[in-house]
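I am opening a notebook on this structure. My entries cover what I looked up, in the order I looked.

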Amino acid sequence: MANGKCAVIGDRDSILIFKAVGIEVYPESDGEHANFTMHKLGRAGYAVIYVTESMYPLCAEAIAEFAGEPYPAIIPIPDALGTQGIGLKALKENVEKAVGVDILSNS
Amino acid sequence: MALQYKPTRMELSNLKKRRQVAIRGHKMMKDKRDELVRRFIVYARRNQQLRRETEEKLNKAMQSFVLARAMMSGDEIEEALLYPARSIAIDKSVQNVLSIPVPKLTLETRQEEFVYPYGFSSTGADLDTAVQALAEILPLMLELAEVEKVTSRLADEIEKTRRRVNALEYVMIPQFDEAIHDIQMKLEENERGNTSRLMKTKEMLAKETE
């Protein structure tokens with residue numbers, strides 16, 4: 001049973017390639033539209049929404065809205081310019097929130 | 001805010017019961033928190049490892065794609081990629097981690113089935129490399145999505161549980177203790193007042209009969 005859908009939001013040049021493997025692509029260039037699209041996709045029952053790292057901080061509002069629900073998972077991915085470490089930073093914040101100290105960085 | 005109570009035996013026994021419940025709740029919350037943290041650490045480590053791996057591989061795929069874009073015209077790229085050969089099939093379900101609903105994702109399309117969505121005549125080799133690499137990362141990306149969501153859900157839940165544990169330990173239970181102590185003191189005081197009143201009455205009665 002395949003009931004999960006998957007989408008990528010980001011700048012057109014970086015994400016076009018995802019189309020080749022069957023992931024839906026939503027090119028966005030500004031934060032407001034990206035937020036709107038993310039809301040729309042989240043409501044439409046998408047399982048995973050990948051967002052390019054440069055777009056990720058601009059979508060904070062939509063990300064916060066879906067944080068309390070099991071779906072969709074909103075995941076930052078590096079774009080054509082390479083990784084900025086936003087994903088790892090988010091993980092670090094989570095660890096600090098849960099454990100109190102960052103226990104991963106020195107292991 | 002201090003508890004409101006009347007100094008009666010009934011209230012005392014009610015408070016004692018509530019205190020018992022609070023203590024039991026506190027113990028359970030504490031156990032829940034410890035277990036959550038234990039599981040969280042496992043997920044967080046996996047998350048870190050997956051993220052590093054995925055980012056590294058994705059970067060390579062992206063680099064090939066950038067090269068491909070440089071070699072081909074925008075229209076050609078669009079044409080090649082616009083119609084995917086198949087759409088990705090993901091099975092999404094919800095699993096429970098200590099009664100927190102978290103996502104479970106499984107990729108249904110198998111790796112061998114992968115086909116290029118375009119013909120080879122108008123495309124460069126870099127595009128093939130990029131697409132092939134991306135198809136290989138797909139399961140990784142999906143696992144990353146699942147693990148990352150679980151990690152963030154667990155982190156939220158741990159924070160909430162910790163707050164509850166602290167509220168019970170440092171606010172609720174001390175309040176109950178204080179209230180129970182107060183009521184006991186008041187009841188004892190009443191008892192003493194009663195006794196002395198009785199003694200006094202007895203003394204007066206004895207004086208009258210003399």
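Entry one, the contact between the chains. The model I am reading is predicted. I counted the contact from both sides: 37 residues of chain A meet 50 residues of chain B.

I then asked which elements of chain B supply at least two residues each to the side that touches chain A. They are helix H1 (9-71), helix H2 (74-81), strand S1 (90-97), strand S2 (100-107) and helix H3 (125-209) of chain B. H3(B) gives the most to this side, with 18 residues.

I sorted the side of chain B that touches chain A by class. I found 31 nonpolar, 13 charged and six polar residues there.

Entry two, the sheet of chain A. I looked up the order of its strands and noted S2-S1-S3-S4 (chain A), an open sheet of four strands with parallel pairing. Why is one side of strand S2 (24-27) and of strand S4 (73-77) of chain A left without a neighbour in the sheet? Both stand at the edges and each has a single partner strand, so one side of each has no neighbour there. From one strand to the next, the twist averages 25 degrees.

Strand S3 (residues 46-52) of chain A pairs with S4(A) in the parallel sense, and I noted five bridges. I looked up Val48(A) and found that its bridge partner in S4(A) is Ala73(A).

Notes
Residues numbered from 1 in each chain as written. Chains lettered and ligands numbered in written order. Predicted model: local features only at pLDDT ≥ 70, side-chain atom pairs only at ≥ 80, totals over all residues. Contact = placed C-beta atoms within 7 Å. Nonpolar A, V, L, I, M, F, W, Y, C, P; charged D, E, K, R; others polar. Pairing = 2+ DSSP bridges. Axes fitted to C-alpha atoms, helices over the stretch in contact; angles between N-to-C directions.
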